[in-house]
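This report describes selected features of one predicted protein model, moving from its surface to its salt bridges and then to its strands and a helix packed among them. Please read it alongside the sequence and the structure shown here.

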Amino acid sequence: MLKNYLKITWRNLRRHKAFSLINISGLAIGMASSALILLWIQNEVSYDQFHAKKDRLYSVYNRSVFDGKLWCWNTTPKVMAKTLKQDYPQIEEVARTSNNNFLFTINDKHLNVPGYFTDPGFLTMFSFPLVSGNKNTALNNIKDIVITQKLAKKLFGNDNAMGKTIKIDSNAYFTVSAVMQDLPNNTQFKFEYLMPWSYLKKIGGDDTGWGNNSIQTWALLKPGVTEAEANKSIVNITRSHSEIKDIDVFVHPSGKWRLYSKFDQKGKISGGRIETIRIFSMIAAFILIIACINFMNLSTARSEKRAREVGIRKVVGALRGSLISQFLGESIFIALIAGLIAIVIVQLSLSGFNRLTDKQLYIPYSSPWFWFTALSFILFTGLISGSYPALYLSSFRPVSVLKGTFKAVNALITPRKLLVVVQFTFAVVLIVCTIIIRQQLQYAQDRETGYKKDNLVYVMMTGNVEKQYALIKNDLLASGAAAAVSKTSAPITQGWSDSWDFIWDGKDMSKKIDFNMFNTDGDLVKTMGLKLIAGRDIDVKTYPTDSVAMILNETAVKTMGFKNPVGQIIKRPNDATHFTNWHVIGVVKDFILQSPYEPVKAMIIQGPKSWFNVIHFKLNGAHTTAENLKLAEKVFKKYNPDYPFEYNFIDQDYAKKFGDEQRIGTLASLFAGLTIIISCLGLFGLAAYMAQNRIKEIGVRKVLGASVAGVTTLLSKDFLKLVMIAFAIAMPIAWWAMYKWLQGYSYRISISIWVFVLAALITIIISLITVSFQAIKAALANPVKSLRSE
């Protein structure tokens with residue numbers, strides 16, 4: 001029986017090649033699109049879920065109120081980890097991580113490599129397997145270092161790295177104590193080596209202050225200890241060990257690190273990347289449903305072609321159940337062919353999709369779980385797409401069919417029309433969402449930054465750069481490579497520091513107000529192209545007291561309530577009893593330091609009596625960029641010869657802020673386009689069958705004088721009515737979805753009516769082109785041929 005069903009299915013596919021091609025290609029594109037999205041979703045939800053102790057792993061967070069709003073953040077004091085382990089029995093192990101970037105030297109190889117300072121417990125808490133070495137002892141000695149296989153290959157080629165010595169910066173030598181497998185692509189940790197925290201302490205990077213939240217702390221709870229119990233125990237740790245009395249501490253579970261990073265005003269989890277996951281889960285479902293609807297519509301449209309087959313089978317004794325099984329078997333067989341084609345499409349698309357999503361996705365062909373999932377996916381698709389056609393075709397009455405009185409119903413509302421409406425509703429929703437996402441992205445990109453990004457470059461202060469800074473600055477200007485130079489605490493595109501301990505006349509001491517902090521040695525306004533509203537730039541050469549000078553942004557002036565900010569004194573504590581008096585010398589127009597989607601925060605720019613990490617310089621407009629960079633490289637090589645000249649353009653750095661939204665917008669555009677293609681494939685097939693079924697009617701109309709335009713309109717208008725109904729349903733759904741999405745951005749667009757008009761025009765034009773092709777073809781056919789049999 002099964003062999004017979006397969007023969008019938010295969011013959012039907014060969015007999016109706018156009019129908020088969022449309023059905024299989026539609027299903028294949030839909031399944032491939034859904035599979036790509038599901039691969040991406042699987043990667044996102046699996047972040048850091050490979051750790052053996054994941055159920056007991058937590059990140060330590062702070063929580064406090066600033067200017068009337070509750071803030072939660074995951075940077076902590078360095079001393080917190082030690083205190084947690086010593087004083088809180090619920091904690092089994094702790095580890096701190098602090099980013100660093102050292103120069104690694106092996107003979108004539110020089111590499112700037114990103115890594116972490118961390119505690120020995122890191123390797124036992126997290127499941128990052130070692131290829132060689134002992135995880136229990138690998139970070140015990142102050143000059144031990146753990147490197148990844150990738151870094152070992154860079155440094156030592158194919159030689160065994162264990163026990164080898166690496167020169168770090170210009171004065172320290174470390175011994176490779178372990179080699180780690182390269183990090184998987186589904187972890188938030190990004191490092192190529194691990195160095196002992198004891199070395200950070202030796203070079204003066206450790207401290208015991210509870211107000212310096214600058215590193216991340218990870219905690220492993222003891223077996224049986226719940227998150228609620230741990231939170232109840234440690235909530236007052238900062239209050240108990242310092243004079244800070246308004247900060248709560250809590251832990252955040254590893255299962256929520258990636259997807260749940262937002263907290264509401266009650267301190268409860270309120271979302272994060274999970275919102276994007278939900279959106280794309282719906283898109284994957286929409287695309288698959290649309291592909292299945294195509295199959296349903298085309299199968300039921302051919303009902304009259306298979307009605308006689310059903311009638312004969314029923315007359316000779318076939319039960320409805322066996323007919324349903326046959327038709328479901330056909331749909332599963334077609335889904336299997338489409339599924340195999342979909343796997344090929346996914347494999348061919350993965351390299352481009354990985355570039356688009358910045359992932360390293362792959363198909364795990366060797367995994368039995370993959371094949372089980374793939375077959376289940378194909379079976380599910382076959383059952384869904386074949387369910388309605390199987391029930392519909394098996395319901396035919398043999399008497400009506402064999403008498404020749406059976407005709408497909410042409411009622412006002414039919415399941416087929418409903419399916420077309422559902423299909424195009426999904427398509428219109430995706431088109432509207434894509435347009436609005438693109439609008440929001442463009443809106444943020446067009447926002448005034450407050451500084452001039454063009455020809456602005458920054459270099460990290462490594463090696464001897466800090467000691468030789470004065471000479472480097474002088475030579476950059478003298479050589480003509482730069483028009484202006486400024487030393488700062490961070491790149492102007494990134495906020496590395498903030499503080500809430502500033503005091504000024506008139507401050508309400510009951511409120512805690514957080515300020516972004518930025519440091520400069522001078523010439524900041526000139527170098528960055530900031531707009532000075534009042535006062536002047538910091539200039540220590542002309543004004544020696546500018547070592548403790550400050551510049552405020554507009555928001556800081558409003559926050560502090562200053563009417564005449566220039567000349568105001570702002571105090572900042574050095575410790576419990578000593579303060580530094582900073583004097584305000586200028587005010588600059590607000591500029592974007594962090595997210596371009598959020599309001600600019602109050603900012604204080606401190607003068608030279610501060611710390612520095614970065615050199616910014618404005619390239620000389622009289623030379624080409626390449627000439628300027630060549631001159632700058634000579635200067636840096638002269639004073640810092642052991643280090644490579646590595647620079648970053650501010651405009652490129654700023655563009656990275658839009659990475660996630662650009663990916664979402666591009667993916668939404670891609671899948672909206674595929675949705676339209678799949679929908680139009682189905683519409684094309686339906687139009688072809690409708691034209692074929694009405695070929696005699698068209699012939700009669702033409703003989704009676706109907707024009708080509710009239711016949712085309714007759715065949716097209718019913719489909720366009722369905723598309724318009726779909727648009728009317730889709731409009732409020734799309735508006736609601738995008739309204740909710742935009743609430744996640746403080747700096748956002750308002751949804752305009754023209755977006756819906758544009759989506760309607762796009763849908764109507766594409767649908768009209770699709771349907772009109774078949775309609776015009778039928779209208780141009782010779783009526784003699786269609787009426788010859790009458």
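Helices (H or I, at least four residues) and strands (E, at least two) are taken here as DSSP runs, numbered from the N terminus. The model is predicted, and for this reason local features need pLDDT of at least 70 and side-chain atom pairs count only at pLDDT 80 or more, whereas totals for chains, interfaces and linings use all residues. Residues are numbered from 1 along each chain as its sequence is written, and side-chain values use heavy atoms, with hydrogens and water left out.

**A nonpolar surface patch**

Patches are built from residues that have over 30% relative accessible area and no salt bridge, like charges being joined within 9 Å and nonpolar side chains (Val, Leu, Ile, Met, Phe, Trp, Tyr) within 5 Å. Accessible areas come from the Shrake-Rupley method with a 1.4 Å probe, and for residues only the protein chains shown count as cover. One nonpolar patch on the surface is formed by Met731, Ile753, Trp754, Val757, Leu758, Leu761, Ile762, Ile765 and Ile769, which together have about 810 Å² of accessible area. Helix H23 (residues 753-780) gives the most to this patch, with eight residues. Leucine 761 is found in H23, and with a relative accessible area of 46% leucine 761 is partly exposed; on this scale buried means under 20% relative accessible area, exposed over 50%, and partly exposed in between (1.4 Å probe, protein chains only).

| Salt bridge | N to O distance |
|---|---|
| Glutamate 44 and arginine 273 | 3.0 Å |
| Arginine 273 and aspartate 660 | 3.6 Å |
| Aspartate 523 and lysine 473 | 3.3 Å |

The side chains of glutamate 44 and arginine 273 meet in a salt bridge. Glutamate 44 lies in helix H2 (residues 17-45) and arginine 273 in the loop between strand E13 (269-271) and helix H9 (274-301), so this pair ties together parts that are 229 residues apart in sequence. Glutamate 44 is buried, at 1% relative accessibility, whereas arginine 273 is partly exposed, with a relative accessible area of 26%.

Arginine 273 also forms a salt bridge with aspartate 660. Because aspartate 660 lies in helix H20 (residues 659-693) and arginine 273 in the loop between E13 and H9, this pair ties together parts that are 387 residues apart in sequence. Aspartate 660 counts as partly exposed, at 37% relative accessibility. Glu44, Arg273 and Asp660 are among the residues linked in a network of salt bridges, which also includes Arg258, Lys359 and Arg663.

Aspartate 523 and lysine 473 are joined through their side chains. The pair links distant parts of the chain, 50 residues apart, with aspartate 523 in the loop between strand E18 (515-519) and helix H16 (524-528) and lysine 473 in helix H15 (residues 469-478). At 30% relative accessibility aspartate 523 counts as partly exposed, while lysine 473, at 18%, counts as buried.

Strands of a sheet pair through backbone hydrogen bonds, either parallel or antiparallel. Two strands are taken as paired if DSSP finds at least two bridges between them. Seven of the nine residues of E8 are buried, so this strand is largely enclosed by the rest of the structure. Strand E5 (residues 130-132) and E8 run antiparallel and are joined by two bridges, with leucine 130 standing opposite methionine 180 in E8. E6 and E8 run parallel and are joined by five bridges, and isoleucine 145 has valine 176 in E8 as its bridge partner. E7 pairs with E8 in the antiparallel sense over four bridges, and isoleucine 168 has alanine 172 in E8 as its bridge partner.

**Helix H5**

The buried residues of helix H5 (residues 149-156) are Leu151, Ala152, Leu155 and Phe156. Seen down the axis of H5, these residues fall within an arc of 105°, so they line one face of the helix; the arc is that of the directions from the helix axis to the C-beta atoms. Their cover, taken as contact between heavy atoms within 4.5 Å, includes strand E6 (144-148), strand E7 (165-168) and strand E8 (172-180). H5 is followed by glycine 157, whose phi is positive, near 65°.

Notes: A salt bridge is a side-chain nitrogen of Lys or Arg within 4 Å of a carboxyl oxygen of Asp or Glu.
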